[in-house]
Amino acid sequence: MSGMNFEQMSQEYFDILREIGNIGAGNATTALAQLLQCKVDMSVPQVNLLEFKEIGEAMGGEEQIMAGIYLGVEGDITGSIMFLLEKESARYLVSKLMGMELQGDDFSEMEFSALKEVGNIITGAYLNSLSSLTNLVIYPSIPDITVDMAGAILSVPAIEFGALGDRILLIQTQFFDDEAIDGYFILIPDLDSYGKILTALGMGA
């Protein structure tokens with residue numbers, strides 16, 4: 001399995017990843033609704049295999065200012081997960097969570113902390129769905145959060161991703177309450193972990 005990369009991934013496996021994306025985004029929507037204490041709807045997630053250089057464009061361009069929540073994954077599989085959303089969407093979520101309008105253009109320390117909590121809950125819900133489907137034990141690390149241009153944020157996973165090939169799984173979904181919020185998940189298991197996920201789903205060699 002160690003020689004596997006995205007280029008050789010079967011359609012069946014991609015369909016399973018799409019299903020994990022659907023369930024993960026659904027769980028994340030439920031978690032977001034509980035956190036904000038309001039009804040949140042979700043569009044059907046789009047799951048795409050993209051070349052890494054296409055990811056920034058898919059988010060509106062590499063210069064788009066985004067909030068990125070990045071955390072490591074440990075346990076039966078290892079790797080990392082990233083959740084990104086536009087800065088204005090992030091400010092909207094934080095203002096809803098704190099019940100107040102945000103002042104100024106930058107996040108205060110308290111607002112930053114609230115944003116980290118939003119990211120933690122959303123990525124946690126996504127990882128829980130992966131864990132449930134595969135029966136694998138998955139522990140997320142403490143999240144790291146950055147507000148920067150999409151290209152700069154993506155440079156971190158780009159380095160890790162080099163070993164996997166040149167395509168990456170991007171899960172894009174829209175959350176709705178009063179506003180539409182585009183959220184982007186990037187899951188980067190290390191190479192050995194792909195084999196473990198396949199085996200756990202009964203598709204291992």
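The model is a predicted one, in which local features need pLDDT of at least 70 and side-chain atom pairs count only at pLDDT 80 or more, while totals for chains, interfaces and linings use all residues. Residues are numbered from 1 along each chain as its sequence is written, and side-chain values use heavy atoms, with hydrogens and water left out.

Helix H3 itself has 12 residues and reaches 16 Å from its first C-alpha to its last, close to the 16 Å expected at 1.5 Å a residue, where the expected span is 1.5 Å times one less than the number of residues. Among the residues of H3 that are buried are Ser89, Arg91, Tyr92 and Ser95, buried meaning under 20% relative accessible area, exposed over 50% and partly exposed in between (1.4 Å probe, protein chains only). Lys87, which is found in helix H3, is likewise buried, with a relative accessible area of 11%. When residues up to four places away in sequence are not counted, Lys87 touches Ile65, Met66, Ala67, Asp105, Asp106, Phe107 and Val147, contact being defined by heavy atoms within 4.5 Å.

H3 packs against H4 at an angle of about 100 degrees, and the axes of the two helices are 9 Å apart; the axes are lines fitted to C-alpha atoms, for helices over the stretch in contact, and angles run from 0 to 180 degrees between N-to-C directions. H3 is therefore roughly perpendicular to H4, a description that covers angles of 65 to 115 degrees, whereas those under 35 count as roughly parallel, those over 145 as roughly antiparallel and the rest as oblique. Ala90, Leu93, Val94, Leu97 and Met98 of H3 make this contact with Met110, Glu111, Ala114, Leu115 and Val118 of H4. By class, the contact has 9 nonpolar, no polar and 1 charged residues.

The 26 residues of H4 should span 38 Å at 1.5 Å a residue, and its end C-alpha atoms, 37 Å apart, agree with this. H4 is followed by Asn135, which lies in the loop between H4 and strand S5 (138-140). Asn135 has a positive phi of about 60 degrees although it is not a glycine, and at 70% relative accessibility it counts as exposed. Most residues other than glycine have a negative phi.

The largest nonpolar core has 43 residues, and those with the most contacts inside it are Leu32 and Leu85; such a core is a set of buried Ala, Val, Leu, Ile, Met, Phe, Trp, Tyr and Cys residues joined through side-chain atoms within 4.5 Å. Among the elements that each supply at least two residues of this core are helix H1 (11-36), helix H3 (87-98), helix H4 (109-134) and strand S4 (79-86), and H1 gives the most, with 9 residues. Leaving aside neighbours within four places in sequence, Leu85 is in contact with Met66, Ala67, Ile69, Ala90, Leu93, Ile181 and Asp182. A second, separate core of 16 residues includes Leu84, Leu154, Ile168 and Ile188.

In the chain, which has 6 helices and 8 strands, buried residues make up 47% of the 205 residues.

Terms used. Helices (H or I, at least four residues) and strands (E, at least two) are DSSP runs, numbered from the N terminus. Ala, Val, Leu, Ile, Met, Phe, Trp, Tyr, Cys and Pro count as nonpolar, Asp, Glu, Lys and Arg as charged, and the others, Gly among them, as polar.
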